Amino acid sequence: MVSQNPLVSIITITYNRADLIHRCIESIRKQTYLNYEHIIVDGASTDNTEEVVKSYNDYRIKYVKLSERGPQIQMRMGADIAKGKYVTFLDDDDEYLPSKIEKQVSLFETLPEDYGIVYCWMSYYNYDKPEKVVIIHKTELRGFVGDIAPSKPLISGTPTMLIRRNVFEEFGGTFNDSIGYLMSDWELCARICQKYKVDYVSESLVKVYIN
């Protein structure tokens with residue numbers, strides 16, 4: 001465990017994922033880093049997502065159900081609730097490896113204030129073949145990368161990023177889904193990188209399921 005343990009806010013947005021959200025929640029509950037809050041923002045699910053989430057009875061889970069949905073609206077609500085020094089994200093059907101938060105916080109706490117993001121690598125798996133890695137998203141950029149970040153989604157990948165919460169708020173505290181949800185984390189990251197430096201943990205600490 002790191003010597004300094006600032007609160008980390010993990011934001012998950014969800015909609016009708018009662019059959020899958022357990023994977024996300026349980027991977028967070030297995031974290032070696034214990035000082036976190038898991039904020040789950042439900043965009044008006046019509047299935048029993050609420051029942052599944054509340055069955056965990058974990059004080060670190062903060063569940064809120066909205067009457068409307070959309071990534072930008074849900075993420076903004078999550079940011080409004082967040083109290084952590086750092087914010088990070090996990091999609092409702094993906095997983096963190098157990099040391100993900102601990103390793104990122106441990107690195108971040110050694111960095112000066114002009115670092116806004118610490119990211120890691122992530123591994124992609126086919127949903128129907130979860131035992132086999134399809135590809136590892138592996139980027140090795142640190143320091144000022146504002147001249148590189150807008151050209152390719154090298155650093156982006158929502159669940160890989162740990163961001164200082166004050167920096168996240170400075171840049172709107174949400175993603176701009178009007179440009180397409182799959183592009184929104186890239187766009188946010190590119191803007192942050194115009195002002196703040198980045199560093200990374202050279203391990204794949206996130207499992208992303210596709211297809």
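Asn16 sits in the loop that runs between β1 and α1, with helices (H or I, at least four residues) and strands (E, at least two) taken as DSSP runs and numbered from the N terminus. Asn16 isn't a glycine, yet its phi is positive, at about 50 degrees. Keep in mind that this is a predicted model, where local features need pLDDT of at least 70, side-chain atom pairs count only at pLDDT 80 or more, and totals for chains, interfaces and linings use all residues. Residues are numbered from 1 along each chain as its sequence is written, and side-chain values use heavy atoms, with hydrogens and water left out.

- Asn16 is partly exposed, at a relative accessible area of 24%; here buried means under 20% relative accessible area, exposed means over 50%, and partly exposed is in between (1.4 Å probe, protein chains only).
- Asn57 also has a positive phi of about 50 degrees, although it is not a glycine.
- You'll find Asn57 in the loop between α2 and β3, and with a relative accessible area of 73% it is exposed.

- Strand β2 (residues 36-43) pairs with strand β3 (residues 61-66) in the parallel sense, over six bridges; two strands pair if DSSP finds at least two bridges between them.
- Ile40 lies in strand β2 and stands opposite Tyr63 in β3.
- Ile40 is buried, at 0% relative accessibility.
- Not counting residues up to four places away in sequence, Ile40 touches Thr12, Thr14, Ile21, Ile25, Val53, Ile61, Lys62, Tyr63 and Val64, a contact being heavy atoms within 4.5 Å.

- Helix α1 (residues 21-29) buries Ile21, Arg23, Cys24, Ile25, Ser27 and Ile28.
- Those buried α1 residues pack against β1 (8-14), β2, α2, β3, β5 (95-96) and β9 (197-210).
- In helix α4 (residues 100-108), the buried residues are Lys100, Ile101, Glu102, Gln104, Val105 and Phe108.
- The buried α4 residues pack against β1, β4 (86-89), β5, β6, β8 (162-164) and β9.
- As background, an α-helix has 3.6 residues a turn, so residues three or four places apart point the same way.

**Nonpolar cores**

- The largest nonpolar core holds 33 residues, and Phe89, Ile117, Ile155, Ile163, Phe168 and Ile192 touch the most other members. Such a core is a set of buried Ala, Val, Leu, Ile, Met, Phe, Trp, Tyr and Cys residues joined through side-chain atoms within 4.5 Å.
- Helix α6 (residues 181-192) gives this core its largest share, five residues.
- Apart from this core lies another, of 22 residues, among them Cys24, Tyr33, Val105 and Met122.
- Leaving out residues up to four places away in sequence, Ile163 touches Lys85, Tyr86, Val87, Phe89, Phe108, Gly116, Ile117, Phe168 and Ile192.

**Aromatic pairs**

- The structure holds eight aromatic pairs. Rings of Phe, Tyr and Trp (its six-membered ring) pair if their centres lie within 6.5 Å; planes under 30 degrees apart count as stacked, over 60 as edge-to-face and the rest as tilted.
- Tyr125 and Tyr209 make a tilted pair, 5.9 Å centre to centre with 35 degrees between the planes.
- That pair links distant parts of the chain, 84 residues apart: Tyr125 is in strand β6 (residues 115-126) and Tyr209 in strand β9.
- Tyr125 is buried at a relative accessible area of 12%, and Tyr209 counts as buried at 10%.
- Phe171 and Tyr196 pair edge-to-face, 6.4 Å centre to centre and 75 degrees between the planes.
- Phe171 is buried, with a relative accessible area of 15%, and so is Tyr196, with 10%.
- Phe89, Phe168 and Phe175 form one aromatic cluster.

**Arginines over rings**

- Arg23 lies over the face of Tyr209, 3.8 Å from the ring centre. A charge sits over a ring if NZ of Lys or CZ of Arg is within 6 Å of the ring centre and within 35 degrees of the ring normal.
- Arg69 has its charged end over the ring of Tyr15, 3.9 Å from the centre.
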